[in-house]
Amino acid sequence: MVLDRLRRNAAGRDPKKIPDGLWVKCPGCAKTVFKRLVEERLDTCPECNHHFPMASAKRVEVLVDPGSWQEWDAGMTSGDPLGFIDTKPYIDRIAQAQSKTGLKDAVICGTGAVAEHPVGLGVMDFSFNGGSMGSVVGEKLTRMIERSTAARMPVIIISTSGGARMQEGALSLMQMAKTSAALGRHADKRLPYISVLTNPTMAGVMASYASLGDVIIAEPKALIGFTGPRVIKETIKQELPEGFQTSEFLLKHGQLDLIVARQDLCAEIGRLLAYMRPA
Ligand SMILES: [Zn+2]
């Protein structure tokens with residue numbers, strides 16, 4: 001159903017804008033595959049089902065029932081509270097990310113229906129500064145959670161992130177506590193929260209809201225953890241187990257509830273919402 005909807009949308013676009021004849025090399029199976037076929041399969045490889053990164057807007061489009069999406073705090077943008085300059089000023093880095101992606105920051109939040117259940121939804125986007133969590137990501141998610149609590153709606157957050165945004169220093173780290181506290185108040189009202197982890201979900205995001213779901217779902221073969229495997233290996237000076245920090249490894253060790261392929265995600269979330277529906 002979702003695939004049909006995407007195909008219809010693709011057919012309705014200006015054909016000149018469809019990048020016809022473009023091929024992409026799959027990092028999963030090393031085969032060269034037709035890019036449009038990958039896009040039609042929700043950005044997965046037709047040969048090996050490798051999950052490519054997916055834009056936040058497309059995730060909303062495939063997850064939320066048509067016509068039901070209403071975005072919240074769409075215009076919120078980052079300040080530069082520390083006057084931070086690394087290889088370039090932070091303010092320039094943000095402006096470049098905005099013009100490259102067409103996004104204001106690394107998360108979009110709002111409300112819509114998923115399989116006919118009204119929910120509050122936050123979707124992160126890795127293409128914006130590595131999905132890093134600064135004040136805007138934390139504030140938008142917190143407002144979305146608080147509005148969902150007030151309206152007695154379940155919350156869904158789809159995460160992808162390299163972690164907290166270093167250019168905002170401790171202010172980024174404070175978002176971990178802020179989002180976690182909002183989810184705590186949401187849980188106090190016995191309202192469900194589904195966390196979906198996609199490749200990669202790391203560091204401060206994994207150590208806060210991403211790991212707090214009543215149900216924690218991951219896409220296949222996603223890298224999920226706190227510190228990256230290379231740093232851990234150098235620190236403890238030991239070989240890491242095979243598949244360390246993948247979805248499959250974490251499921252085996254009890255840190256995840258489910259691994260769900262992207263094609264099945266909408267139906268699976270719908271099933272969970274029907275089961276956990278707030279009274
Ligand atoms: Zn492949």
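## Domains

Domain bounds here come from an automatic or database domain assignment. The protein chain splits into domain 1 (1–52) and domain 2 (53–276). The two centres, taken over C-alpha atoms, are 24 Å apart. Eight residues from domain 1 and 11 residues from domain 2 make the contact; two residues are in contact if their C-beta atoms, placed from the backbone, lie within 7 Å.

This is a predicted model: local features need pLDDT of at least 70, side-chain atom pairs count only at pLDDT 80 or more, and totals for chains, interfaces and linings use all residues. Residues are numbered from 1 along each chain as its sequence is written.

## Overall shape

The protein chain has 10 helices and 10 strands. Both are DSSP runs, numbered from the N terminus: helices are H or I with at least four residues, strands are E with at least two. The radius of gyration is 19 Å, close to the 19 Å from the globule rule for 279 residues, so the chain is as compact as a globular protein of that length. That radius is taken over C-alpha atoms, and the rule is 2.2 Å times the number of residues to the power 0.38.

The C-alpha atoms fill a box of roughly 50 × 45 × 40 Å along the principal axes. Among contacts with a separation of 6 or more, 67% join residues 24 or more positions apart.

## The core

Buried residues make up 38% of the 279 residues. A residue is buried if 20 or more other C-beta atoms lie within 10 Å of its own, exposed if 12 or fewer, and partly exposed in between; C-beta atoms are placed from the backbone. In soluble globular proteins, nonpolar side chains tend to be buried together.

The largest nonpolar core holds 50 residues. Such a core is a set of buried Ala, Val, Leu, Ile, Met, Phe, Trp, Tyr and Cys residues joined through C-beta atoms within 7 Å. Val107, Leu141 and Ile156 touch the most other members. Beyond its neighbours within four places in sequence, Val107 contacts residues including Gly122, Met124 and Leu141.

## Paired strands

Two strands pair if DSSP finds at least two bridges between them. Strand S7 (residues 193–202) pairs with strand S8 (residues 215–218) in the parallel sense, over four bridges. Here Ile194 stands opposite Val215. S8 also pairs with strand S10 (residues 258–259), again parallel, over two bridges. There Ala218 stands opposite Ile259.

## A look at Met54

Met54 sits in the loop between helix H2 (35–40) and helix H3 (56–63). Met54 is buried, with 23 other C-beta atoms within 10 Å.
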